[in-house]
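Student: I am new to this structure and would like a close look at one part of it. Could you pick out the backbone features in the loops and walk me through them?

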Amino acid sequence: QVLITGNPILDFETAPNAFNLQIYVKDSRGDTDLQILTIVIIDVDEPPVFLDNLENQVYITENSPPGTIYTVLAYDPENQTLQYSLQPAGSPFTINGGTGSIISTKVFDYEKDLKSYNLLVKVGDGTNPDINGNVIVYIVNTNDNAPIFTMKQTTFTIPEEQPPGTIVANVTAQDADDFGYVGNLIFSINPTDYFTINPLTGIIRVAEWIDRDAKPLRENPLITVEVSVIDSPKGGQSTSMSITFNVTDINDNPPVCIPDTYRPQVEETAVLNTRITEIKCTDNDVDPPNNQFKFTDLSCNGCNLIFALNPAFSGNIVLTGSLDLEQPNNPLEYTLTVVAEDITAPFYKDTAYVYVIVLPVNENPPVFNPATYNFSVSELNGQGAEIGVVTATDKDIPFTGITYSIEAGGSTLGYSNIFWIDPNTGSIQLMTEPDYETTSKYVLTIGAVDNDPTNPKTANAVVTVNILEANDEKPMCTPNYYTITVPTDLSPGTNIQRFQLTCTDRDSPPTAFRYTINSGNINNHFAFSPTAGSNITRLILAEPFDYSDGLDKQWNYKLLVFITDDNLLSGARQPKGIVETGTVTINVNVVIAGLTTVLTTTPPSITYIHIAKNAYATTAWYVPFIITLGAMLLLGFLGYLLYHLAKYLSTKDLSCCTPKPAKYKEPPIFFADKAKKEVVMELTKINTVFDGEAVDPVTGKVYEFNTKSGARRWKDTQILKDPQPIKMESSELVIPVLPSSINEGKGRIGTANGQKTNSHDVKALQKGAEKKNVFGPDPKSLLQNPAGQPTEGLSPLPTPKTKQEGEPKSILKKGDLSEV
């Protein structure tokens with residue numbers, strides 16, 4: 001039996017029309033046979049079929065124009081012509097009967113028309129019954145409508161300072177294009193400073209702390225926001241509206257006292273009801289009664305009700321008691337507290353502090369007790385010595401201090417005031433040593449002033465300061481520096497050059513002086529007479545000089561003389577201070593009798609300087625010019641005289657008195673000094689004949705001496721037997737000056753060239769020298785005078801010779817003392 005499987009279905013139009021089946025048979029013994037079975041398919045007239053099963057859904061967006069929305073796909077197996085029809089007949093759709101195209105006949109509005117249409121499509125081939133199919137047409141909603149707000153209220157009143165998150169409004173809206181799902185509408189708010197909105201639900205909440213008392217809400221309590229809603233499809237439409245929130249004030253601020261601390265200053269003499277200060281407070285709340293307050297609870301520890309609020313509940317504080325600082329227990333400062341409190345709940349408070357500072361009033365002047373003082377101080381006291389202390393008191397409380405000053409009475413010794421007073425303690429001290437001999441008593445006016453900067457009060461006291469006499473003055477003697485010349489043969493007991501000291505002491509009598517030579521008195525040659533008890537004393541030669549025996553070797557003495565005022569005789573007033581000593585310096589130059597050696601001083605305006613092998617003068621630039629001009633004129637005249645004198649002497653036989661050439665030392669040197677200028681002149685070295693011998697008691701050596709001149713030398717000194725020419729190392733000048741003290745009172749005096757002259761001639765010579773130059777002949781004229789030319793008033797000088805190398809020294813013959 002051959003059966004149809006049904007898979008695939010036999011179709012004349014699409015499948016083969018005939019099938020050749022091979023039938024194979026086999027028995028149990030294994031025998032087989034094969035036969036072909038041919039099956040022929042016969043064509044049958046079939047009804048049409050839908051190729052798309054006609055269960056399609058068709059979507060049409062609203063507002064689409066009319067036109068074909070769908071084409072039905074049908075097939076007739078026999079390929080016969082098909083006819084299409086559409087039901088229901090009154091729908092807004094038609095179908096093309098030949099093509100099967102379904103056409104819309106209107107513009108659909110989703111919000112007004114049906115949302116879907118179920119169409120029945122029939123297809124027939126003319127022989128078989130029609131086949132039926134369904135087409136569902138859906139109208140697709142589009143965003144063609146803007147949302148609209150459904151809420152009517154646009155103004156809301158809310159209190160300030162609501163916590164963030166508090167719901168203050170709920171915005172509602174709808175859209176005609178309702179798509180039927182949450183989130184179709186999206187809400188937003190602008191600005192977002194104070195509020196936020198839920199974008200899906202439209203709920204508005206507080207976003208931050210809202211302070212009605214702060215700007216800008218303090219001036220305008222209204223907050224206006226714009227709320228927008230937009231439908232969710234991309235490119236959707238939106239709608240906006242304004243919502244206003246009126247923020248109301250609440251009592252959320254306490255009174256604030258600025259400043260919260262007051263420091264009024266009130267004089268202690270203030271009268272009752274004097275206004276001390278006014279407390280000023282503010283409440284930041286905007287609207288009354290939230291910003292209204294009152295002052296209460298004025299308190300003051302230990303004030304004894306001397307302050308009050310007037311009027312009551314105001315910030316005005318007045319004085320109701322006494323602030324006098326002189327009253328017991330009245331302080332310099334009072335501490336008050338005042339409370340400012342709201343008049344409405346929750347009754348916030350603030351406290352102000354008032355520190356009342358009482359200003360002292362200078363009601364009482366300083367008072368000295370006692371009003372007069374007597375102090376004594378020795379004139380030996382120096383700077384810083386305290387004399388005494390003055391004290392003044394002041395009844396004013398608190399005590400501000402007293403400043404002391406010396407107003408008058410301390411002027412002396414070239415000072416406007418030799419006293420100083422400590423301005424704080426009143427201690428009077430010396431600024432310098434007082435002098436009893438100048439002023440023995442001072443009457444000081446001491447002023448005391450309190451330290452009131454605006455209205456100081458003063459008082460005066462009289463202080464008598466007695467200066468106690470003391471031995472504080474040094475003896476003063478004239479002259480205090482002197483140079484004298486003493487000949488070697490001066491007799492002991494002689495007043496040397498009639499030198500005397502005259503001393504004074506302002507606080508010692510003439511009998512108080514005592515004279516001692518502290519240093520320089522070698523071999524005690526010098527002494528003073530009298531040594532004490534007089535203000536005048538003379539320098540005498542106490543011991544003779546002994547140079548020949550070698551006892552004396554010192555030729556220049558520098559005596560330091562002390563004059564002490566402690567030689568008080570019995571019954572005289574005793575010194576009340578230290579012993580004072582004055583000093584005098586005396587230079588004594590010892591010279592051999594008859595030789596011309598002197599230490600003198602140059603004129604103050606000229607300084608002479610000697611340089612080896614050259615002698616010239618230096619001074620200020622204008623002085624040399626004047627001196628040179630005068631010297632040239634003088635030298636011209638002197639040269640003329642010297643020339644004729646030399647010419648005259650050359651015709652005379654002077655072998656008896658002409659000095660033989662002697663070897664000169666280096667020429668005298670003129671030293672320059674800012675304070676004084678001295679001309680140092682050396683003694684001429686003398687070559688002589690030694691005709692005696694002796695033993696030096698100190699060294700034991702044998703020395704030779706000249707019995708006439710006293711010149712000495714050690715015996716081993718080489719003596720040349722034959723006279724030799726003298727080799728001069730440099731040119732030198734010997735300037736003879738006759739000191740007035742040498743051989744004073746004798747009839748004859750030795751001169752530089754060995755000649756004798758009487759005292760009358762010496763005086764005449766000295767007088768002439770004084771007229772020209774008190775220090776001797778003009779050194780400058782001597783320096784410029786040609787060698788060998790005679791000078792007025794002086795013996796001619798030997799012509800200097802230049803010492804030649806290798807020349808022997810000259811020797812004086814025995815007995816020839818013309819050089820001595």
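Tutor: Happy to! Let us begin with Pro479, which sits in the loop between β40 (476-478) and β41 (481-487); strands here are DSSP runs of E with at least two residues, and helices are runs of H or I with at least four, numbered from the N terminus. The peptide bond leading from Thr478 into Pro479 is cis, with omega near -5 degrees.

A word on the source: this is a predicted model, in which local features need pLDDT of at least 70, side-chain atom pairs count only at pLDDT 80 or more, and totals for chains, interfaces and linings use all residues. Residues are numbered from 1 along each chain as its sequence is written, and side-chain values use heavy atoms, with hydrogens and water left out.

Another cis peptide bond links Asn310 to Pro311, with omega about -5 degrees. Pro311 belongs to the loop between β27 (307-309) and β28 (316-319).

Asn79 is not a glycine, yet its phi is positive, about 60 degrees. This Asn79 lies in the loop between β6 and β7 (83-87), and with 68% relative accessibility it counts as exposed (over 50%; buried is under 20% and partly exposed in between, using a 1.4 Å probe and protein chains only). Gln497, also not a glycine, has a positive phi of about 50 degrees. Gln497 is placed in strand β42 (residues 495-504), and its 26% relative accessibility makes it partly exposed.
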